[in-house]
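Hi everyone, and thanks for coming.

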Amino acid sequence: MRSLFVLAAGVFAIASSASGPVRAATPGQPATTDSAASQRALLDRYCVTCHNQRLRTAELTLDTIDVTDVGAHPEIWEKVVRKLRAGAMPPVLRPRPDATTYEAFTTWLETELDRAAAARPDPGRTETFHRLNRSEYHNVIRDLLALEVDVGALLPADDGSYGFDNIAGVLGMSPTLLERYLSSAKKISRLAVGRPVPSPTAETFRLATDLTQDVRVDGLPFGTRGGTRIDYTFPEDAEYAIRVRLGRDASGTLVVFDTPHQLEVSLDGERLQTFVVGAPRPEGVDRRSPEYQEYVQRQRAADEGWEVRVPIRAGPHTVQVTFHQKTSAYAETLRQPFLRPYTSITGGDTRYQPYVGSVTIAGPFEASGARPVDETPSRRRIFVCRPTAGDTEDETRCAREIFSTLARRAYRRPVRERDLQVLLSFYDDGHADGGFEAGIELGLRRLLASPEFLFRIERDPAGVEPGAPYRISDLELASRLSFFLWSSIPDDALLAAAIAGTLHEPEVLEAQTGRMLADARAGALVENFAGQWLYLRNVPALTPDEDLFPDFGEALRQAFQQETELFFESILREDRSVLEFLTADYTFVNERLARHYGIPNIYGSHFRRITLVDDARRGLLGHGSILTTTAYPTRTSPVLRGKWVLENLLGTPPPLPPPNVPSLEETTGAGETLSMREAMEQHRANPVCASCHRLMDPPGFALEQFDAVGRYRTRNESNTEIDASGMLPDGTAFDGAAGLREALLRRPGLFVTTLTEKLLIYALGRGVEYYDAPAIRAITRTAAGENNRLSSLILGVITSQPFQMRRADVPN
């Protein structure tokens, strides 16, 4: 049988098509002499003092640049516009023009730059080869084969750039990664087709040790507590073993419970078996007696043999392991119980009830021997026809139909005869070894390892001059659109519009965008775009210091992440203004999160929307997920929080820190604790540090009203009143989180522009450059007239020049 490794050599030898070049627009009129003279006088008065050939401050010189032809130096002038729009220049305490003159000059520059961009369009150039990242691979397998796979166990994490992990320039293909893709193709094709596995395997699902299991878990039956719900795809009809192990303390010892607790194991809601742990202690028996010691040993081995062996049909099923709830009353203890469980090597354990530690699913054992008859979603998706058994000609016809259907969506274009011949040659090899389904499995394995599947490919069409802009084909547009909104392949409706050549038509494109945003698959924007823009992917790794924050555990991590995801999704699904990311007077909480925020009368593990009373909590600035990911385990960090505000809300990221930056001194020479403001002021006394911290620290100080895990406070580490005042680069003063929010809203365009840039980076899979700025301004201007709705920004990105066009390559 031929090796799939020969595919590696073909990765860079693939043909693709695109549409023809686009003519440049007729150049507009240049700036008039009078207007240029007045702008030059403004520059000379307020800017040239620092930005001249002698000082070269920030490597920017404006004393010799020609203001009569702004379009000749767009890269320089776009830097100037960015600083002016942020209000960062001239610096605070330096002479500034009045607000009207300031705005007029900025608008003039933008107008000149936009005119030049219209005359010489430059949509930028995306990479020719854009590999699917791990999240996209998962979604594509789900949509192509109706199969959920644990992609984290199959492929390594992707590199990131510009804040996202779908940037084509860093998504390379090494020999080691290629091997992982080949191995994944083998496992997935076997699972999808339902062919027998070579030998039984076991997969263990472990629960976090700091996850409380004293309340009901969402998705599990009412009247239960703790445990877990596992959605699992069983590869074939056979017997499987489900093993349960209870949680231990840090020394690996099971705590003795003197009251019985029932643990139920169920499959698809049907009870399989109930186990019991715990028994009353022997009465009137000395604890040192053999009888009592036997009781202890028996209880500490209570879960030995907790295994259910049961026949299960192939396909996706839900395994549930949970305890029956005995009571909702709090345990009566001498100390106030922590809101997370603790264990210690000395045997201490704050859990007064047993917890589930892990669940293992093993198998298949004693397979039935009968082939499944299209009863799994993946087999129904694959086998669109059923040949007559033993009829070779009919089997080949059916195989051609199967691969034509799969390859059309997998390759995201009409299938060519040579595509089918490659797949059918693998089908023939598999058929010779094991029959029709073995052939389909091997052909599917080849498809999943194909460069046409693993890479999104955009190649310059013939006849386009080097460096010239051209409009991408409808098929390429369909892929850009689906991977932007769904992180997955186009569906049949989108692909049909692309093949018909109508997708680029404005009304068709807008209709498809609206349809796709209403689809459940648009949840990929929450998981992948918001997850990286708002640092939500970092939440599962948060480990605040246990001594300082003893109540912080897995339940709070999950609540943090779900709150922000639900918040972003509400703005997306309800098509709200993106300014509500800053101003929203509502959020989503469950009981655990509400207790953390100090919000009363919220009970239960389910999330619900509530109206906020505290102004400090409004919008993203009050979300525990963001406040905790921008703090250290032991303390807050005005630097991290300020950097996050500058980078993700204002679009003015600070420069990288210089090497050998001294650490922050948190105490005085006498050992007294410094407040964070005092420590930062001492740190800023170093001239090397002062320039950047002058910008970063003030927004971070506003968020000092929240501690390192996002709880509101009024006193700092040194037990003094918190000073949360500060000033933005444009000189706007504020006090506290609410004041910072109001300051940001004085320039709402900054936030809208920053979000648009983030969306464009994510949509294109490349960083934004100076030549993208005119398109970004066009998007934000249109959105401003539509209440800055999120759908307006998304549609603006999709209809923009950088999204619909591409610059031809210039040979070296």
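Predicted model: local features only at pLDDT ≥ 70, side-chain atom pairs only at ≥ 80, totals over all residues.

The protein has 812 residues, and 52% of them count as buried. In terms of secondary structure, there are 28 helices and 16 strands. The accessible surface is about 36500 Å², with carbon and sulfur atoms accounting for 52% of that area. Now a word on contacts. If we take those between residues at least 6 apart in sequence, 72% join residues that are at least 24 apart.

Let's go to the sheets. Please find β2, β9, β4 and β7. In what order do the four strands of this open sheet run? The order is β2-β9-β4-β7, and the pairing is antiparallel. At the edges we have β2, residues 201-206, and β7, residues 307-312, each of which pairs on one side only. Ignoring direction, neighbouring strands in this sheet are turned by 20 degrees against each other on average.

Stay with β2 for a moment. Its partner is β9, residues 356-365, and the two pair in the antiparallel sense over six bridges. As an example, threonine 201 has glycine 363 in β9 as its bridge partner. Proline 364 itself sits in strand β9. For background, most peptide bonds are trans.

Is valine 244 buried or exposed? With a relative accessible area of 5%, valine 244 is buried, because buried means under 20%. Setting aside neighbours within four places in sequence, valine 244 is in contact with Leu263, Val265, Asp303, Trp306, Val321, Val356 and Ser358. There is also a distance to note here: valine 244 and valine 308 are 64 residues apart in sequence, yet their C-alpha atoms are 8.8 Å apart in space.

Now for another sheet. This is an open sheet of four strands in the order β3-β8-β5-β6, with antiparallel pairing. Why is one side of β3 and of β6 left without a neighbour in the sheet? β3 (224-234) and β6 (270-277) stand at the edges and each has a single partner strand, so one side of each has no neighbour in the sheet. From one strand to the next, the twist averages 15 degrees. β3 pairs with β8, residues 315-324, in the antiparallel sense over nine bridges. Within that pair, threonine 233 stands opposite proline 316 in β8.

Most residues other than glycine have a negative phi. Serine 487 is not a glycine, but has a positive phi of about 50 degrees. You'll find serine 487 in the loop between α13 (474-485) and α14 (492-499). Serine 487 counts as buried, at 1% relative accessibility. Then there is aspartate 575, where phi is near 50 degrees, again a positive value in a residue other than glycine. Aspartate 575 lies in the loop between α17 (554-573) and α18 (580-583). At 26% relative accessibility, aspartate 575 counts as partly exposed.

Threonine 107 is in helix α3, and at 33% relative accessibility it counts as partly exposed. Its C-alpha atom is 10.0 Å from that of leucine 84, a residue 23 positions away along the chain.

Which residues make a nonpolar surface patch of about 310 Å²? Val92, Leu93 and Met727 make the patch. Valine 92 belongs to the loop between α2 (74-85) and α3 (99-119). Valine 92 is partly exposed, with a relative accessible area of 31%. Patch residues need over 30%, so valine 92 passes that cut-off.

That's the tour; I'm happy to go back to any of these places with you.

Key. Residues numbered from 1 in each chain as written. Heavy atoms only, no water. Patch = residues over 30% accessible without salt bridge, like charges linked within 9 Å, V, L, I, M, F, W, Y side chains within 5 Å. Areas by Shrake-Rupley, 256 points an atom, 1.4 Å probe, with all protein chains shown as cover. Salt bridge = Lys/Arg side-chain N within 4 Å of Asp/Glu carboxyl O. Buried < 20%, exposed > 50% of the residue type's maximum accessible area, 1.4 Å probe, protein only. Pairing = 2+ DSSP bridges. Axes fitted to C-alpha atoms, helices over the stretch in contact; angles between N-to-C directions. Contact = heavy atoms within 4.5 Å.
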